[in-house]
Amino acid sequence: MAASSNKRVCLASRPGANGIPTVENFRVEDCPMPEVEDGQILIKLLCLSVDPYMRCRMNIDTGTDYMSPWKLDDTIEGGGVGVVVKSRSAGYSKGEVIESFHLPWQLYAALDVQGFNCLIVNKVDVALVKKHWSLMLGLYGISGITSYLGIKEKGHVAPDGSQTFVVSAAAGSCGSLAGQIARLEGCTNVVGICGSEEKCTYITQELGFSHAINYKTEDVGERMRECCPRGVHVYFDNVGGAVSDAVIQQMTPDSHVILCGQISVYNTDVPYPPPIPAETEQVLTERNVTRDRFLVLNHVDKFPDAVQQLCAWYRKGEIKYKETVAEGLENAPFAFVSMMTGGNVGKQIVRVADL
């Protein structure tokens with residue numbers, strides 16, 4: 001196979017700690033076909049995941065201790081699904097489909113799967129996804145698992161407890177699932193905060209949310225009081241900033257904030273979790289509201305049970321799952337920039353190749 005048959009996406013420049021990413025920060029280029037050495041597999045990338053946390057990896061300082069920055073001119077990496085096209089590892093065979101959190105944005109790539117520094121690669125259960133490979137990046141991937149375990153571990157949802165659950169970025173990959181899971185777990189009033197009328201309609205008419213608030217056209221605090229007359233018992237926070245301050249003002253004593261993401265500040269140079277206004281901090285303290293950072297990688301032992309439950313709901317039609325799909329590796333930068341500005345409904349996926 002000729003060298004020009006392979007291509008990759010690399011980091012061409014950094015947007016700056018306070019900058020907004022653009023497609024010019026990325027470069028799509030031809031690259032050689034990799035040689036496959038002992039202990040390696042050659043995979044063809046089938047699909048990749050585009051996620052908000054990746055914005056932090058564009059900075060020299062990611063602001064966290066569990067992920068490293070991308071290096072300039074190196075291949076971007078993230079969650080993906082691929083098929084083994086050649087194996088020099090006893091544990092993998094040609095034709096097997098694999099997934100990993102750390103696949104390069106490259107059509108063909110050689111992966112180290114043996115030895116001390118080997119990549120963590122998992123084989124995909126074909127019966128689980130039925131050739132819908134990107135389910136491993138969304139519903140059965142970090143998005144779905146984070147939504148489920150975030151609620152189970154930090155939400156303190158009481159079955160039939162008549163609780164009010166609020167989620168921001170409610171039409172996104174985590175938010176759209178979190179709202180549905182909260183309802184299935186027993187919350188009777190599920191409120192989603194979105195950035196467009198299309199998204200508000202989607203979560204109420206298709207996903208079964210009780211109410212939707214458009215933060216771009218409505219007063220969030222006023223609408224919160226209308227939609228949550230008994231206050232907020234659980235808040236799944238994906239955005240931070242002014243939206244979250246308005247939600248926290250409506251929280252009841254002994255309620256819970258699940259601190260999942262803070263996309264509103266990912267383009268600003270602040271620590272994570274970011275500082276909050278004194279007025280918001282006072283509410284948290286006076287009402288004994290927990291605001292715990294949730295890192296799903298601390299709960300890897302619970303991943304199989306989470307996937308099993310998500311699968312059961314999905315197959316019964318009790319959870320709906322939606323993707324926004326970009327076609328072709330060359331469109332991965334556009335998909336990332338669009339996702340960072342709210343262009344996706346559900347999970348943002350890039351479909352790279354067919355099996």
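## Helix packing, aromatic pairs and local backbone features

His156 is partly exposed, with a relative accessible area of 48%, and this residue of the predicted model sits in the loop between α3 and β8. Although His156 is not a glycine, its phi is positive, at about 55°. Most residues other than glycine have a negative phi. A second case is Ala169, a residue other than glycine whose phi is positive and near 50°; Ala169 belongs to the loop between β8 and α4 and, at 32% relative accessibility, counts as partly exposed.

### Helix α3 and its partners

Helix α3, which covers residues 142–155, packs against helix α4, residues 175–185, at an angle of about 40°, and the two axes are 9 Å apart. That angle makes α3 oblique to α4, and α3 passes α4 in a right-handed crossing. On the α3 side the contact is made by Ser143, Gly144, Ser147, Tyr148, Ile151 and Lys152, and on the α4 side by Leu177, Ala178, Ile181, Ala182 and Glu185. Sorted by class, the residues of the contact of α3 with α4 comprise 6 nonpolar, 3 polar and 2 charged.

Helix α3 also meets α9, where the axes come within 10 Å and cross at roughly 95°, and the two helices are therefore roughly perpendicular to each other. Here Ile142, Gly144, Ile145, Tyr148 and Leu149 of α3 meet Phe303, Ala306, Val307, Gln309, Leu310 and Trp313 of α9. The contact of α3 with α9 has 9 nonpolar and 2 polar residues, and no charged residues. Gly144 and Tyr148 of α3 are named in the contact with α4 and again in the contact with α9.

### Aromatic pairs

The structure holds 4 aromatic pairs. One of them joins Tyr140 and Tyr314, whose ring centres are 6.5 Å apart and whose planes stand at 85°, so the pair is edge-to-face. Because Tyr140 lies in the loop between α2 (126–129) and α3, while Tyr314 lies in helix α9 (residues 303–315), this pair ties together parts that are 174 residues apart in sequence. Tyr140 counts as buried at 3% relative accessibility, whereas Tyr314, with a relative accessible area of 28%, is partly exposed.

Phe165 and Phe236 also form an aromatic pair, which is tilted, with 6.5 Å from centre to centre and 45° between the planes. This pair links distant parts of the chain, since Phe165 is in strand β8 (residues 164–168) and Phe236 in strand β11 (residues 232–237), 71 residues apart. Phe165 counts as buried at 0% relative accessibility, and Phe236 likewise counts as buried at 0%.

### Helix α10 and two buried residues elsewhere

In helix α10 (residues 332–340), 7 of the 9 residues are buried, so the helix is largely enclosed by the rest of the structure. The buried residues of α10 are Ala332, Pro333, Ala335, Phe336, Val337, Met339 and Met340. What covers them includes the strands β1 (6–11), β2 (26–31), β14 (323–327) and β15 (347–351), together with helix α1 (54–57). After α10 comes Gly342, which has a positive phi near 80°.

Gly80 is found in strand β4, residues 77–87, and is buried, with a relative accessible area of 0%. Leaving aside residues up to four places away in sequence, Gly80 touches Cys47, Leu48, Ile98, Glu99, Ser100, Leu103 and Leu137. Gly80 and Lys322 are 242 residues apart along the chain, and their C-alpha atoms are separated by 17 Å.

Thr280 lies in helix α8, which spans residues 278–286, and at 2% relative accessibility Thr280 counts as buried. With residues up to four places away in sequence again left out, Thr280 touches Asp245, Ile248 and Gln249.

### Accessibility of selected residues

The table gathers values for residues discussed above.

| Residue | Relative accessibility | Class |
|---|---|---|
| His156 | 48% | partly exposed |
| Ala169 | 32% | partly exposed |
| Tyr314 | 28% | partly exposed |
| Tyr140 | 3% | buried |
| Thr280 | 2% | buried |
| Gly80 | 0% | buried |
| Phe165 | 0% | buried |
| Phe236 | 0% | buried |

Technical notes: Residues numbered from 1 in each chain as written. Predicted model: local features only at pLDDT ≥ 70, side-chain atom pairs only at ≥ 80, totals over all residues. Heavy atoms only, no water. Helix = DSSP H or I, 4+ residues; strand = E, 2+ residues; numbered from the N terminus. Buried < 20%, exposed > 50% of the residue type's maximum accessible area, 1.4 Å probe, protein only. Contact = heavy atoms within 4.5 Å. Axes fitted to C-alpha atoms, helices over the stretch in contact; angles between N-to-C directions. Parallel < 35°, antiparallel > 145°, perpendicular 65-115°, else oblique. Left-handed = near helix turned anticlockwise from the far one by under 90°. Nonpolar A, V, L, I, M, F, W, Y, C, P; charged D, E, K, R; others polar. Phe/Tyr/Trp six-rings, centres within 6.5 Å; stacked < 30°, edge-to-face > 60°.
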